[in-house]
Amino acid sequence: MTRDNSIVVEKLVREFKKGPRAVDGIDLYVAPGEIYGFLGPNGAGKSTTVLMLTTLLPPTAGSARVGGYDVRTEGPKVRSVIGAALQEAALDPLLTGRDHLKLQTMLQAIPKAERKPRQEELLDRVGLTDAADRKVGGYSGGMKRRLDLALALVHRPTILFLDEPTTGLDPQSRTALWEEVARLAREDKVTVFLTTQYLEEADVLADRVGIIDNGKIVAEGTPTALKEEIGRPSIHVTPCREEDRQRIAELMKQYGEPLGSERELVVRLREGIGLVDVIRAMDADGVVVDDIELRAPTLDDVFLAKTGRTLEGAATGEDGASAR
Amino acid sequence: MRLWGVVSGVAWRTLKNVITTPSLLLPSLMFPLFFFVAFAGGLSQVQNVPGFDYPNGYTAFQFVFVLLQSAAFGGVFTGFGVARDFEGGFARRLMLASPNRTGIVIGYGLAAILRWCITATLLTVIALASGMKVGGGPVDLIGLYTLALIINICGFFWSAGIAMRLRTLQAGPLMQMPVFLLLFLAPVYVPLALLGGAMHAVAKFNPITYALGTGRGLLAGDATQVGLSFGLALALALVFSVWALRGLRSAEAAG
């Protein structure tokens, strides 16, 4: 029998008392061995979705099968095939890193003879061997995240949930964690469900991305396909002299759709138009610019196209979304 | 096997924290000892009051109360730990890693028992060293400690039920106060017959009164109402176990 390490979600809803629908009827499918990036601003419903898929929160309506098991009725079976590192690392400051791993091996009923070697292997893998006997209360944020990841891997899960795993990490720790997650998917064929509010993280790691906003999935696909969908590249021009701004704007308008920007003049290029066409036109018109740049579409452009806001703006609460 | 893994894991971690953290260990040891020394020593002349008919003296009379009190509060203190784990988020790890979540409650319960065993041993050694007279045989003494152990489990299930419903350490007084009232509305300092007025009326219907009476009888080797006391204690344990497990379901539903 082949293992089923897929995630299938249909019309999943979670309502809180006296609150809005945190998750509002989402559908999604994560294929076995895939890294699925769940992207959205704070309060979009990412963490609530993870809590439901990891059986920590019952759904209000809809269904979800994780590893072939129903999250409502087969919670223990779901928990036996998943590992999860949640947003706020659930660690005991009074225990050491090694104590945490010992506890986890006991909870997961790892045979006694295998416990120590597994603990050492995981401590080594996340680079915490030297700090293993220190109390977790003294760990840095990055060390806690790495320990949390090690704990999630104790029982060799086939599906891994990572809820904003790199939030608050320095660039070096972030890269190390990305490498480990990519290795897990590539070598161990683990399905990874990763929530993030970092565009770069989703772009670098995810095979496919789902963008959630106000509890609904507004776009889904590979990062490349999503960018292509909205997307032609845009040209960003900084005029040399302020008095030329209007003239340059009029000229650029002939080559594409103007996009709002305070500092730069931006147009999304029409089909078949290239940077060279714009430069030639400016040259012919005698216009002088400080800077001109061709930019490929980003996931933020996708978010902007789908929601009318930038991800950064949404995250800082410009939309008034409450944290969920 | 998986259930035992969860039970032993939760119990190991809870005990490790208690034993290696003086601020958690010392109060559960010091309070019963303080009560024992204060009550048995300071009130020892009560045994000369007419009508005080306990044959083994006031030290033994007070020892049984402090033993049952330490058992009840040992359970409640473990409930504080449950609340702390839910408030701090550690309970999520347990909920996530445990295929069988009932094992989490049993694990905390086992830790409450083992934690109380440390207190009971120390208390017994000090009571014997201070000259406590023991009239009961081994079976009587096993009965006394078993009765206390059931009360320990009752205290734990009660407080764990509150902890998992409210999931905050601020629920501490709610866990502690009813246990405190129940204990001190029993014949603590004098036998039931010497209590008067409203106190006597309340104590007469207090299940702890029966446990105290039977416990003191077991220590003296002359136990009465054994079946009733054990029956009441077991019934309370059963009711509070349902209360605790429903608390767990409530915590699961709240996420």
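The model is predicted: local features need pLDDT of at least 70 and side-chain atom pairs count only at pLDDT 80 or more, while totals for chains, interfaces and linings use all residues. Residues are numbered from 1 along each chain as its sequence is written, and chains are lettered from A and ligands numbered from 1 in the order in which they are written.

**Overall build of chain A**
- Chain A has 12 helices and 14 strands; these are DSSP runs numbered from the N terminus, with helices (H or I) of at least four residues and strands (E) of at least two.
- Along the principal axes, the C-alpha atoms of chain A fill a box of roughly 80 × 45 × 40 Å.
- Chain A is divided into domain 1 (7-227) and domain 2 (232-296), with bounds from an automatic or database domain assignment.
- The C-alpha centres of these two domains lie 43 Å apart.
- Of the 324 residues in chain A, 45% are buried (20 or more other C-beta atoms within 10 Å of the residue's own, with C-beta atoms placed from the backbone).

**The six-stranded sheet**
- An open sheet of 6 strands in chain A has the order β6-β7-β8-β3-β9-β10, with mixed pairing; two strands pair if DSSP finds at least two bridges between them.
- β6 (82-85) and β10 (216-221) of chain A each have a single partner strand, so one side of each is left without a neighbour in the sheet.
- Strands β3 (35-39) and β8 (191-196) of chain A run parallel and are joined by 5 bridges.
- One of the bridge pairs between β3(A) and β8(A) is A:Ile35 with A:Val192.

**Nonpolar cores**
- The largest nonpolar core has 150 residues, and A:Val192, A:Leu194 and B:Leu68 touch the most other members; such a core is a set of buried Ala, Val, Leu, Ile, Met, Phe, Trp, Tyr and Cys residues joined through C-beta atoms within 7 Å.
- Helix α3 (57-88) of chain B gives the most to this core, 17 residues.
- A second, separate core of 8 residues includes A:Ile235, A:Met252, A:Leu269 and A:Val278.

**Contacts between chains A and B**
- 22 residues of chain A are in contact with 23 residues of chain B (contact puts C-beta atoms, placed from the backbone, within 7 Å).
- On the chain A side, α2 (75-81) and α3 (97-107) each give two or more residues.
- α3(A) supplies the largest share of that side, 5 residues.

How values were computed
Two residues are in contact if their C-beta atoms, placed from the backbone, lie within 7 Å. A residue is buried if 20 or more other C-beta atoms lie within 10 Å of its own, exposed if 12 or fewer, and partly exposed in between; C-beta atoms are placed from the backbone.
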